[in-house]
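These are my notebook entries on a few features I looked up, written for someone who is opening this structure without having seen it before.

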Amino acid sequence: MNEPPSPQPAPHGTPKPTATSGDGPRRAQPFPLIAPYVSRWQAAGLLEAGQAERILAFEAAQAAREAEGAGERPGVIEAVLYLGVAVVAVGAATLTAQNWQELRPWARIAALVGPALLLLGFGQLMRAQAQPAVRRASGVAWLAGVALIAGSAGVIGREAGWDGRDTALVAGAIAAALALALWVVQPAHTQVVALAGSLTLLAIAAGAWADDVGPDTLVIGLLLALFGATGVALTELGSLGPRPTARLLGAAGVMFGLLLAAYFGDGGRRFWVELLLFAAGAGLIALGLLRAAFTYIGIAVTGTFAGLVAFIFRHFEDQLGAPVALLLSGVLVIAAALLLAHFRGRLRAEATT
Amino acid sequence: MVAAIFAAVAATAVLAALLLGPGRYDPSPPSLQGQPRAEIPGEVLYVDGDGCIVRAAASGATRTPVLCGGPYPSSVSWVNADTIGYANYGGPGIAWTEIDLRTGRQTTSDRLPQRGPPDPVSVRGERAEVDDQGSVYVLAGGERRKVFNFDGSSRLRPSFLTWSPDGDWLLLQYRDQLWIVRRDGSVAGTLAKTGGNPYESSWRIEGAGFLPKLMLGDTRTKP
């Protein structure tokens with residue numbers, strides 16, 4: 001690790017650039033460590049005085065912001081807030097489930113809508129607080145609020161006598177719209193999780209809506225993959241974040257969705273989806289290498305090799321027999337693990353050079 | 001900020017009060033134990049949640065445990081004015097035990113009582129009916145009249161247990177409760193919250209006999 005130069009220009013040593021891509025936490029250069037470098041570059045004629053001042057001002061502001069956010073470790077208050085949110089959500093769900101038959105229709109709705117609005121309101125209150133720990137907890141309150149709103153929509157539909165599949169679709173759409181709106185207000189990890197969860201609910205509801213007999217795994221899987229691919233694209237364009245969570249959930253949506261579409265339910269006629277799964281895996285690996293994002297590589301390799309194992313069992317088990325298929329599958333699993341280890345090491349090495 | 005927190009807590013308290021009060025169905029008629037109705041004749045036998053056989057005045061005025069602590073009775077019935085019987089699965093087969101209420105003497109045999117489904121037709125020829133929403137009707141002379149309006153979840157609606165032996169009253173089960181309703185709907189009360197499943201209850205009126213009917217049949221053994 002490079003030592004920061006003394007205020008006097010040093011003959012050797014180059015400031016280590018701060019990583020701006022990849023999945024790891026960004027460690028900003030502490031402001032005092034940057035300052036000697038800037039002085040040195042200014043002395044060497046590489047920077048104008050104005051540029052140097054703007055860099056120092058920018059880094060000072062950046063360091064203050066990051067210290068405020070990342071420097072705070074979760075404390076007792078934050079833990080208690082999480083506990084309170086969980087207790088409210090579990091309490092509302094249990095109240096509704098255990099007392100369903102004893103509650104009047106309006107009370108069934110109120111038992112979910114009330115706590116949902118409370119959690120959304122508490123989330124807004126927490127956001128207004130100065131302490132970062134309390135502000136972080138607002139995301140969890142909103143996440144639970146979105147889940148309860150989805151449940152409320154389902155109960156309202158049921159009490160209104162709607163068809164169950166229509167109700168699920170409406171509940172998923174409302175939850176997705178609310179999660180998106182809350183993400184716009186506060187683009188935090190928990191809001192990305194809420195958005196992904198509500199889109200998953202929407203995909204499942206759409207799959208159930210599309211088929212009278214049972215959930216259509218092709219529709220569910222392809223919708224999940226579509227939502228995931230959209231999330232990946234928006235993340236890489238810088239429109240969706242925080243990036244680690246968005247990458248993780250987007251890639252998981254793509255690979256799990258295609259696995260679901262290819263191998264679950266009536267998957268016998270879905271050869272093109274199997275090919276799409278491998279193409280998506282290759283694409284995510286390439287994107288991971290391009291963007292130095294191990295998340296993409298890890299999920300893509302895992303999903304691709306899971307798909308390969310399923311592919312072997314589906315198409316070659318009769319010819320190979322189960323033992324050989326198992327043997328091949330085991331080798332593929334080991335290969336996947338080794339590939340992951342290789343890519344992780346390579347990305348780490350690139351990040352440190 | 002502080003005002004908003006207190007407002008949220010207050011809103012939660014209001015919500016809880018609503019959910020525990022008006023938001024909850026309470027379809028049970030008034031307790032007969034608290035307000036006995038002398039016009040309801042006879043005595044009802046039932047098994048409570050502790051497995052005790054209880055003898056209750058149908059008016060709600062008295063309630064006496066007859067037998068506690070033995071094997072759990074799966075069925076209970078009047079046999080005559082001075083004798084009750086109960087079935088249980090203790091021992092190698094189904095045992096039928098009769099208790100003399102005057103002496104307390106118990107006699108056990110392996111005769112299994114045959115108890116048919118509740119007869120919805122009373123000795124007056126009127127038919128009892130519980131509709132899909134849980135309301136209770138009496139059909140007589142081509143007329144169908146509602147005698148009890150059920151304000152509860154239709155999935156937990158009351159079920160008909162038996163007519164009273166004089167044909168003037170209906171005995172209903174709602175969850176663990178026993179309800180008594182007059183055939184014209186003018187009186188309704190909760191006889192007991194048994195804590196168990198009082199499906200096998202029996203109503204006796206002096207001079208009118210008891211219902212449901214009970215026939216002591218062949219010897220049966222537990223499969």
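Before reading any burial values, I noted that a residue counts as buried when its relative accessible area is under 20%. The model I worked from is predicted.

Entry on burial. I looked up F148(B) and found a relative accessible area of 10%, so F148(B) is buried. I then looked up W179(B), which is buried as well, with a relative accessible area of 0%.

Entry on aromatic pairs. My search of the whole structure, over all chains, returned eight aromatic pairs. One of them is formed by F148(B) and W179(B), whose rings are tilted at 55 degrees between the planes and lie 5.2 Å apart, centre to centre. Because F148(B) belongs to strand β11 (residues 143-148) of chain B and W179(B) to strand β14 (residues 177-182) of chain B, the pair ties together parts that are 31 residues apart in sequence. I also noted that F148(B) and W179(B) form one aromatic cluster with F150(B) and Y174(B).

Entry on the sheet. I found an open sheet of four strands in chain B, with antiparallel pairing and the order β12-β13-β14-β15. Its edge strands, each pairing on one side only, are β12 (159-163) and β15 (188-193) of chain B. Between β12(B) and strand β13 (residues 169-174) of chain B, which run antiparallel, I found four bridges, and L170(B) in β13(B) is the bridge partner of W163(B).

Entry on charges over rings. In chain A, the charged end of R108(A) sits over the ring of W100(A), 4.6 Å from its centre. In chain B, R204(B) lies over the face of W78(B), at 4.9 Å from the ring centre.

Terms used: Residues numbered from 1 in each chain as written. Chains lettered and ligands numbered in written order. Predicted model: local features only at pLDDT ≥ 70, side-chain atom pairs only at ≥ 80, totals over all residues. Heavy atoms only, no water. Pairing = 2+ DSSP bridges. Helix = DSSP H or I, 4+ residues; strand = E, 2+ residues; numbered from the N terminus. Phe/Tyr/Trp six-rings, centres within 6.5 Å; stacked < 30°, edge-to-face > 60°. Buried < 20%, exposed > 50% of the residue type's maximum accessible area, 1.4 Å probe, protein only. Lys NZ or Arg CZ within 6 Å of the ring centre and 35° of its normal.
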